[in-house]
Amino acid sequence: MTDLVIRPLAAGEEDLFESLPDPGLVGFAAFGDTYTDMAAASQYRPEWTWVALRDNVVVARAAWWAGPKDDKPLALDWFDFTDQNAAVQLLRTAPLHAEYSLLLPTGWREDPAVRQQAQSRIDAATAAGLSPLVERYRYRWTPNCGVPQRPGRLEFRPEPDDAAIFDVFRRIHQGSLDAHARRTITSSGLDAAAQEALNYLRWKPSPRDWWRLAYTPAGELVGLSVPSRNYGDPVIGYIAVVPEHRGHGYAYDLLVEATHMLANEGADRIVAATDQTNHPMAAAFAKAGYPIVQERIDLI
């Protein structure tokens, strides 16, 4: 068998990357996206896009994503192949390491063909050393969904001090249902998880003064509500309730406030996500009229 050649893409080789046959059942292709269009929109860089070739034919490919100001990739989110062993070798060879986010249509396990495509990618990523972390729901609100009425139970105030927000994250992460936060807490401690969350919000290219802390009328801190934007969409950046006020449905109030703020800014869509195991947050999205449009599996 001809030796496998594994290398990064050269500038202008988008057609080579696109040459691998793909049924378009999972990943970005399942939602009408193409690598060429996404690369043209600066979603990908040639040096962070790798291919495995045999006889000059692409048999596996992978593309790592980052924001325009990042100096290293933040996620592997395009990964497919016709040769699974080559795909495993590609991931082991490329000097790039980031979480693998596999986009999936809703109810993907119900279709055998879709399930097979998803499982083959999971199996290849696992063989290359990654481990499944969590399954997530992805939501997309539009004005047709309606802007939910504010419950009026909380007062929302801006907080310009990052040190205060850091302290809020330390409280929020105690007993958190978020798999990424729990993993960081286990591996590096509560302060590291709080700093990671703060850095994530600061990374987003949206106004810092949109961040809000929520309080009861008596002045007790309830949680954090962050309407935001990433490099493609208006998003719900963060919603979280401190431990002593959980169990009262306040996540819904925080979500509604963020929705109002983004709608008032003229957003024609709002993208959001939560872990499937975070049942209170998923219930808040459902109550606020956010439809699930995708599912996602994160492997690290």
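This is a predicted model: local features need pLDDT of at least 70, side-chain atom pairs count only at pLDDT 80 or more; totals for chains, interfaces and linings use all residues.
**Exercise 1. Find the N-terminal cap of α6 and describe what its buried residues pack against.**

Solution. Start at the cap. Asp-178 places a side-chain oxygen 3.0 Å from the backbone nitrogen of His-180. The cut-off for a polar contact is a pair of N or O atoms within 3.5 Å; within protein, one must be able to donate a hydrogen and the other to accept it, and residues adjacent in sequence count only if both atoms are side-chain atoms.

Next, the buried residues. In α6 (residues 179-188) they are Ala-179, Ala-181 and Thr-184. Buried means under 20% relative accessible area, exposed over 50%, and partly exposed in between (1.4 Å probe, protein chains only). These residues pack against β6, α7 and β11.

**Exercise 2. Examine strand β11: how many of its residues are buried, and in what sense does it pair with β6?**

Solution. Count first. Of the 6 residues of β11 (residues 270-275), 5 are buried, so the strand is largely enclosed by the rest of the structure. Then pair. β6 (residues 132-141) runs antiparallel to β11 over 6 bridges; strands pair if DSSP finds at least two bridges between them. Within this pairing, Tyr-137 stands opposite Thr-274.

**Exercise 3. Classify the ring pair of Trp-203 and Tyr-231.**

Solution. Apply the criteria. Rings of Phe, Tyr and Trp (its six-membered ring) pair if their centres lie within 6.5 Å; planes under 30 degrees apart are stacked, over 60 edge-to-face, the rest tilted. The structure holds 14 such pairs. For Trp-203 and Tyr-231 the centres are 5.3 Å apart and the planes make 75 degrees, hence edge-to-face. Now place the partners. Trp-203 lies in helix α7 (residues 190-203) and Tyr-231 in the loop between β9 (221-229) and β10 (234-241), so the pair ties together parts 28 residues apart in sequence. Trp-203 is partly exposed at 22% relative accessible area. Tyr-231 is also partly exposed, at 31%.

**Exercise 4. Identify the largest nonpolar core and the elements that build it.**

Solution. A nonpolar core is a set of buried Ala, Val, Leu, Ile, Met, Phe, Trp, Tyr and Cys residues joined through side-chain atoms within 4.5 Å. The largest has 34 residues; Ala-52, Trp-64, Phe-79, Leu-90 and Tyr-100 have the most contacts inside it. Elements giving two or more residues include β2 (44-54), β3 (57-65), α3 (84-93) and α4 (112-127). Another core, of 27 residues, lies apart; among its members are Trp-210, Tyr-252, Leu-262 and Ala-288.

**Exercise 5. Where is Asn-56, and is it buried or exposed?**

Solution. Asn-56 sits in the loop between β2 and β3. Its relative accessible area is 70%, so Asn-56 is exposed. Check the backbone too. Phi of Asn-56 is near 65 degrees, positive in a residue other than glycine. Most residues other than glycine have a negative phi.

Key. Residues are numbered from 1 along each chain as its sequence is written. Side-chain values use heavy atoms; hydrogens and water are left out. Helices (H or I, at least four residues) and strands (E, at least two) are DSSP runs, numbered from the N terminus. Contact means heavy atoms within 4.5 Å.
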